[in-house]
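Thank you for making time this morning.

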Amino acid sequence: MLSAGGDPWSSARLCRVCPGITGVTGAGVMLMSGDIPSGSLCATDEVSYLIENLQYTLGEGPCVDAFQQDRVVAEPDLAHPATVRWVAFTPPALRAGVRAVFGFPLRVGTVRLGALNLYRARLGPLTDDQHADALVVADVAARWVLGAQAGAPSGTVAEELETGADFHYAVHNAAGMVSVQEEISVTEALIRLRAFAFSADRLIADVARDVVTGRLRLG
């Protein structure tokens with residue numbers, strides 16, 4: 001299923017083959033820069049997309065940890081974890097039907113690009129074979145992303161990566177606006193956007209649209 005034959009590689013195809021290979025319910029790929037999620041490259045279903053949006057909004061979750069810690073992060077029983085670590089992420093993920101989540105870092109050598117997110121609608125760990133298969137998928141995804149971006153002009157995102165992706169441009173625009181309005185760094189502005197979204201129980205993308213259109217001003 002990961003051979004070069006068949007349809008040309010795309011982010012949608014990367015996500016589409018993941019559940020069948022790894023034995024999960026859904027999958028997504030989140031790209032990250034520094035410690036900040038850049039957005040969702042692809043997601044197999046609405047729940048996967050919600051998982052990635054929650055992590056982008058809250059700055060916590062399996063993909064965030066997998067990227068920052070550069071290791072596989074597994075929670076086979078999200079409702080009753082051995083260690084509580086995602087206080088904000090867990091409740092809405094459970095309400096969406098997620099019972100187990102797994103994050104696999106995307107990296108090529110020392111270059112870290114993001115994380116592969118897998119979820120199950122039933123609890124339980126991945127088998128050794130499924131874990132190994134997920135590592136292969138993460139490696140293929142990382143190399144494809146790096147190869148696609150290598151051909152893009154400096155300062156732009158490759159067209160292959162843009163197709164079907166959600167890089168939250170409205171959020172970046174809103175962070176820039178808040179940065180100017182409050183005379184703070186863009187990173188601090190993004191933190192404020194996240195804090196407001198969390199306190200209002202809204203996705204950061206919705207808050208960002210209100211900021212960009214002038215319906216909301218932080219500060």
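Predicted model: local features only at pLDDT ≥ 70, side-chain atom pairs only at ≥ 80, totals over all residues.

The largest nonpolar core here has 27 residues, and those with the most contacts inside it are Val29, Phe104, Leu106, Leu116 and Leu118. By nonpolar core I mean a set of buried Ala, Val, Leu, Ile, Met, Phe, Trp, Tyr and Cys residues joined through side-chain atoms within 4.5 Å, where buried means under 20% relative accessible area, exposed means over 50%, and partly exposed lies in between, with a 1.4 Å probe and protein chains only. The elements giving two or more residues to this core are H1, strand S1 (26–33), S2, strand S4 (100–108), S5 and helix H5 (128–150), and the largest share, seven residues, comes from H5. Helices (H or I, at least four residues) and strands (E, at least two) are DSSP runs, numbered from the N terminus.

Residues are numbered from 1 along each chain as its sequence is written, and side-chain values use heavy atoms, with hydrogens and water left out.

Leaving aside neighbours within four places in sequence, Val29 is in contact (heavy atoms within 4.5 Å) with residues including Cys15, Cys42, Leu106 and Leu116. A second, separate core of 18 residues includes Leu54, Cys63, Phe67 and Trp86.

Now to the cysteines: which of them form a disulfide? Cys15 and Cys42 do, with their sulfur atoms 2.0 Å apart, a disulfide being a pair of cysteine sulfur atoms within 2.5 Å. Cys15 lies in helix H1 (residues 11–22) and Cys42 in strand S2 (residues 36–43), so the pair ties together parts that are 27 residues apart in sequence. Both Cys15 and Cys42 are buried. Cys18, by contrast, is in no disulfide, and the nearest cysteine sulfur, that of Cys15, is 5.7 Å away; Cys18 is itself buried, with a relative accessible area of 1%.

Finally, Arg112 is found in strand S5 (residues 111–120) and is partly exposed, with a relative accessible area of 35%. Outside the four places on either side of it in sequence, Arg112 touches Phe67, Gln68, Asp70, Leu106 and Arg107. A polar atom of the Arg112 side chain lies 2.4 Å from the backbone oxygen of Phe67, and for the backbone oxygen of Gln68 the corresponding distance is 3.4 Å.

Key
Polar contact = N/O pair within 3.5 Å; in protein donor to acceptor, adjacent residues only side chain to side chain.
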